[in-house]
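Take a walk through this predicted model.

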Amino acid sequence: MNSISIIIPTRNERDNIVPLLERITTAVSALAHDTEIVFVDDGSTDGTRAAINGYKGLLPVRLICRDDETGLASAVCAGARAAAGDLLVVMDADLSHPPEVIPDLLQPLLDGSRDMVVGSRYIPGGSTPEWPWTRKAASRLATLPARLFTAIHDPLAGFFSIRRDFLLAVRQPVTGFKIALQILATSPDLRAAEVPITFIDRTQGISKMNSAVVVEYLKQLAALGGLPLEAVGKKELATLATGVVILDFLIFHLLQYNGFELGVVHIFSFLLACNLGYIITATTTDDPLSYFRPAALLRYQCILLPVLFLRGGIMAAMAPWFPGWSWLLSVAAACYSLCAATAGFLLVSGNRNRACGPVNRRLAMLLIVAYTVILRLLYFGTFELTQEEAYYWNYSQHMAMGYLDHPPMVALLIWVGTHLFGNSETGVRVGALVCWIITAWFSYRLTLSAFDRKIALNSLVLIAALPLFFGTALIMTPDAPLIACWAGTLFYLHRVLIDGDHRSWIGVGVWLGLGLLSKYTIILLGPATILFMVSDPRSRRWFGSSRPYLAAGTGLAVFSPVILWNYRHAWASFLFQSQHRLADQFMFSTPELVGSILLLLTPTGLFAVWAVGYTHRKLESSVAAHVADRRRRHRLFALCMAFVPLSVFVFFSFSREVKLSWAGPLWLACIPLMASSLPTSDADGRTRSVVQRAWSVTLVCLVLGYGLILHYFSLGIPGIPFNTGAFLFGGEDLADRVEQTVRRVEAKRGAPPVVIGMDKYQIASGLAFYRAKMFNPSEPGSSPQSAPETTGRHLFNLDSLMYAFWQAPAALTGRDLLVIADEEEKLDNRLFVGRAKELGKIRSFPVKKHGKEVGVYYYRLLTRYRSDGPVDHGAGTTPRSAIAVRPIFTAAATNTRRL
């Protein structure tokens with residue numbers, strides 16, 4: 001049978017002793033367990049010890065006197081060591097903790113369901129009735145950093161029950177004064193819960209809260225985060241701070257004075273200053289050789305690298321705002337280096353002195369989420385758009401209910417973003433971040449419904465760190481709103497089919513309709529849902545209900561503007577996504593599909609999907625029947641929602657090309673399963689242990705890889721040239737050179753030429769955006785009308801997607817054209833014969849980014865354009881990029897202009 005010890009630290013609490021003991025005796029009288037009370041007194045001078053020794057009651061009372069040692073946490077540990085009970089209750093002596101709640105704290109321990117129960121002020125039923133709002137706000141604020149280490153709502157509570165073994169396992173010596181936080185943060189396998197309490201302020205004695213207690217709490221937080229302040233002396237910290245700041249400032253200005261680009265200056269000043277500061281400081285310690293061991297050096301570099309990438313984002317974001325204030329950038333850079341070097345040195349020192357405990361898994365997960373979000377916020381406005389983003393920005397300049405190659409949601413999001421933040425990369429991309437937040441919310445809620453809060457937090461890590469979701473939260477494409485809507489549809493389908501909430505059918509319809517406004521592939525959730533309803537006996541009842549059909553009708557109503565647009569335009573978009581895809585040339589792209597899945601999910605993610613399904617089936621025998629049944633149904637739900645769409649893409653890949661992003665959203669259904677494979681506690685099987693170790697390595701590599709890639713996109717990496725590829729690197733330089741050419745032509749011929757991009761859409765889209773971004777109302781000749789003044793190659797009967805809808809060739813008859821291409825052969829005479837009065841010479845100019853050449857573009861002037869002239873592309877010699885416009889889409893574009 002369990003026995004109970006109630007541990008009460010005291011210091012000058014004489015007047016509270018007798019009423020406290022009387023209330024405890026009454027509260028525990030109904031418990032059929034041996035109970036004792038252990039007081040641990042730290043040098044009371046008001047007669048507290050005499051009051052304890054003089055008490056005569058029903059419960060045995062013991063007193064431990066400590067005159068040479070103080071501290072609340074160490075007092076609790078001393079009481080635990082002396083306690084006879086295997087179940088402990090820890091509480092204050094000032095009567096702020098109601099003894100009447102003791103049975104509620106003990107019951108989960110007695111029935112074996114929990115290892116620790118906290119009396120909480122901050123869950124429903126808990127309260128602090130006598131506190132003013134200022135004290136409530138201060139308490140909540142103080143609790144926030146502690147919540148980084150535990151999911152418990154009131155981790156600073158001093159009123160809790162716990163199994164004695166867990167308390168004695170706390171790393172000694174105990175730092176800080178919040179022993180409950182120490183236990184919660186350093187015990188990964190602890191099963192903790194909360195019960196509500198009403199916290200009453202003391203009526204007798206004096207509060208022990210003071211500035212020293214606050215400082216101790218901050219030190220405790222730092223130690224729990226792996227940065228024990230007591231591991232390094234003030235002398236060493238002063239040496240490190242002085243060295244790093246001076247070195248960074250001097251190296252920054254020296255490199256900048258010698259003409260190096262900001263990216264080179266920032267990287268070398270940071271790494272040299274932090275590492276030289278580390279070396280200088282290490283030599284002043286009592287054991288300098290321990291700081292130069294490979295493990296210590298590697299640990300230090302692992303701190304510097306992610307911080308370096310964050311600093312790069314700050315430098316890139318600040319540089320345009322302070323172009324002539326290099327000293328301000330260098331000061332900000334030096335301060336940032338100081339923080340990084342200090343954190344790294346503390347981490348190394350803590351591990352060297354064994355002052356750091358095990359890594360807190362919750363903190364690690366939250367840091368991964370926070371780091372990836374901050375990376376995106378710092379960088380997503382500092383590097384050029386992709387070619388597709390610029391194309392979709394052109395969508396937003398021609399708002400409509402539909403477009404040839406996609407529905408209108410991406411255009412709407414960009415339209416809103418650019419109206420809020422202007423024609424900038426931030427304005428284009430902010431909608432992607434909003435969509436990521438929606439995706440993260442629904443994924444968290446879906447995982448919470450299927451598992452628990454720990455695994456739900458893991459799902460946020462996956463949504464933050466997997467390449468699929470990191471990319472779609474950074475780059476604005478139709479996949480960003482599609483994934484958000486897919487996540488919303490899955491959440492409401494789970495609520496309906498697994499939880500039985502019939503009201504959620506309306507949510508299914510709304511999010512399905514919004515998904516169709518984003519991308520048509522979300523329709524594949526329809527047959528996936530039908531398959532689940534057929535396979536799951538409990539869900540078959542919905543076939544006889546009107547609610548699924550009302551949900552489908554709701555989705556169709558939300559989607560109806562796209563249907564109307566297609567009706568008015570000869571069903572152009574529907575045909576483009578069906579007949580056009582099927583008419584493509586034969587291509588066996590299954591290997592590419594598998595490769596895209598491995599890229600978007602990582603090999604660890606794909607392996608985790610299989611491993612979790614395998615291990616969950618084996619573990620079902622060890623859980624309650626209703627839990628096993630729910631897990632089985634959730635696995636079936638994930639299987640149907642993921643593998644029905646996947647089977648369609650696999651079948652399609654046997655004969656046609658499959659795009660990289662197509663299979664991305666379907667894996668949202670597997671996020672809860674993958675999240676359960678991430679570290680939450682010590683693995684209970686070989687397979688799960690392997691998966692957890694693989695995730696640890698994968699997540700570190702992903703996080704560092706994202707920082708490196710974004711730094712390259714924005715500031716570059718020394719020695720690595722910019723590769724244009726999908727990004728419009730040097731877009732502003734290209735637009736500036738084109739604008740200068742346009743003005744020279746205008747000055748010579750009296751009117752500006754229309755700029756024509758001679759590829760499918762990329763050049764025209766990029767120039768339209770960056771010419772608009774460069775618009776300066778105070779500059780003579782500058783025009784905001786860059787979108788209509790920049791168009792595509794459909795003027796010469798070549799495919800240019802939506803440009804054929806936006807610009808009628810006849811409207812440009814008689815205008816001069818400035819045609820631009822990234823390959824000289826795309827400006828071949830055969831493309832323009834009969835379409836212009838005179839063909840100018842082919843000229844070229846290089847385009848640069850941060851002083852590095854990123855490409856060469858070619859241009860020529862065509863005078864007096866004719867829209868009805870003959871075109872001879874030359875049989876058998878047509879440039880590979882010159883693909884004729886399909887008749888159906890040409891007809892649709894003509895209908896558009898008539899409407």
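**Strands around S13**

Strand S10 (residues 817–821) pairs with strand S13 (residues 852–863). The sense is antiparallel, and five bridges hold the pairing. Leu 818 has Leu 861 in S13 as its bridge partner.

S13 also takes part in other pairings. Strand S11 (residues 838–839) runs antiparallel to S13, and two bridges join them. Here Glu 838 is bridged to Thr 863 of S13. Strand S12 (residues 843–849) is antiparallel to S13 too, with seven bridges. Within that pairing, Lys 849 finds its bridge partner in Lys 852 of S13. S12 and S13 form a hairpin, with two residues between them. His 850 sits in the turn and has a positive phi of about 50°.

What do such pairings rest on? Strands of a sheet pair through backbone hydrogen bonds, in a parallel or an antiparallel sense.

**The seven-stranded sheet**

Now go to a sheet with mixed pairing. Seven strands make up this open sheet, in the order S3-S2-S1-S4-S6-S5-S7. Strand S3 (61–66) and strand S7 (192–196) are the edge strands, and each pairs on one side only. From one strand to the next, the twist averages 20°.

Strand S2 (residues 35–42) pairs with S3 in the parallel sense, over six bridges. Ile 37 stands opposite Val 61 of S3. Helix H7 (residues 179–186) packs on the sheet. H7 touches strand S5 (116–120), strand S6 (160–163) and S7. The direction of H7 makes about 45° with that of S6.

Helix H13 (residues 361–379) has 19 residues, and at 1.5 Å a residue they should span 27 Å.

Which residues of H13 are buried? They are Leu 363, Met 365, Ile 368, Val 369, Tyr 371, Thr 372, Val 373, Leu 375, Arg 376 and Tyr 379. These residues pack against helix H8 (211–224), helix H11 (294–318), H16, helix H17 (453–465), helix H18 (467–472) and helix H28 (686–714).

Pick out Thr 372, which lies in H13. Why does Thr 372 count as buried? The relative accessible area of Thr 372 is 0%, so Thr 372 falls under the 20% cut-off. Leaving out residues up to four places away in sequence, Thr 372 touches Ala 464, Phe 470 and Val 703.

Helix H15 (residues 409–421) passes the length check as well. At 1.5 Å a residue, its 13 residues should span 18 Å, and the end C-alpha atoms are 18 Å apart, so the two values agree. Buried in H15 are Met 409, Val 410, Ala 411, Ile 414, Gly 417 and Thr 418. An α-helix has 3.6 residues a turn, so residues three or four places apart point the same way. The cover over the buried residues of H15 includes helix H14 (387–397), helix H16 (425–450), H19 and helix H20 (505–516). Gly 422 follows H15, and its phi is positive, near 80°.

**The cores**

Where does the largest nonpolar core get its residues? This core has 171 residues, and Leu 497 and Met 641 have the most contacts inside it. Helix H19 (residues 479–497) gives the most to this core, with 12 residues. A second, separate core has 29 residues, including Leu 21, Phe 39, Tyr 55 and Val 101.

Return to Met 641. Setting aside neighbours within four places in sequence, Met 641 is in contact with Leu 490, Leu 493, Leu 497, Leu 525, Ala 528, Thr 529, Phe 532, Leu 666 and Ala 669.

**The whole protein**

Finally, step back. The protein has 32 helices and 13 strands. Its C-alpha trace spans about 115 × 75 × 50 Å along the principal axes. Of the 899 residues, 53% are buried. Take contacts between residues at least 6 apart in sequence: 78% of them join residues at least 24 apart. The protein exposes about 38600 Å², and carbon and sulfur atoms supply 62% of that area.

Definitions and conventions: Residues are numbered from 1 along each chain as its sequence is written. This is a predicted model: local features need pLDDT of at least 70, side-chain atom pairs count only at pLDDT 80 or more; totals for chains, interfaces and linings use all residues. Side-chain values use heavy atoms; hydrogens and water are left out. A nonpolar core is a set of buried Ala, Val, Leu, Ile, Met, Phe, Trp, Tyr and Cys residues joined through side-chain atoms within 4.5 Å. Buried means under 20% relative accessible area, exposed over 50%, partly exposed in between (1.4 Å probe, protein chains only). Helices (H or I, at least four residues) and strands (E, at least two) are DSSP runs, numbered from the N terminus. Contact means heavy atoms within 4.5 Å. The expected span of a helix is 1.5 Å times one less than its number of residues. Two strands pair if DSSP finds at least two bridges between them. Axes are lines fitted to C-alpha atoms, for helices over the stretch in contact, and angles run from 0 to 180 degrees between N-to-C directions. Accessible areas come from the Shrake-Rupley method with a 1.4 Å probe; for residues, only the protein chains shown count as cover.
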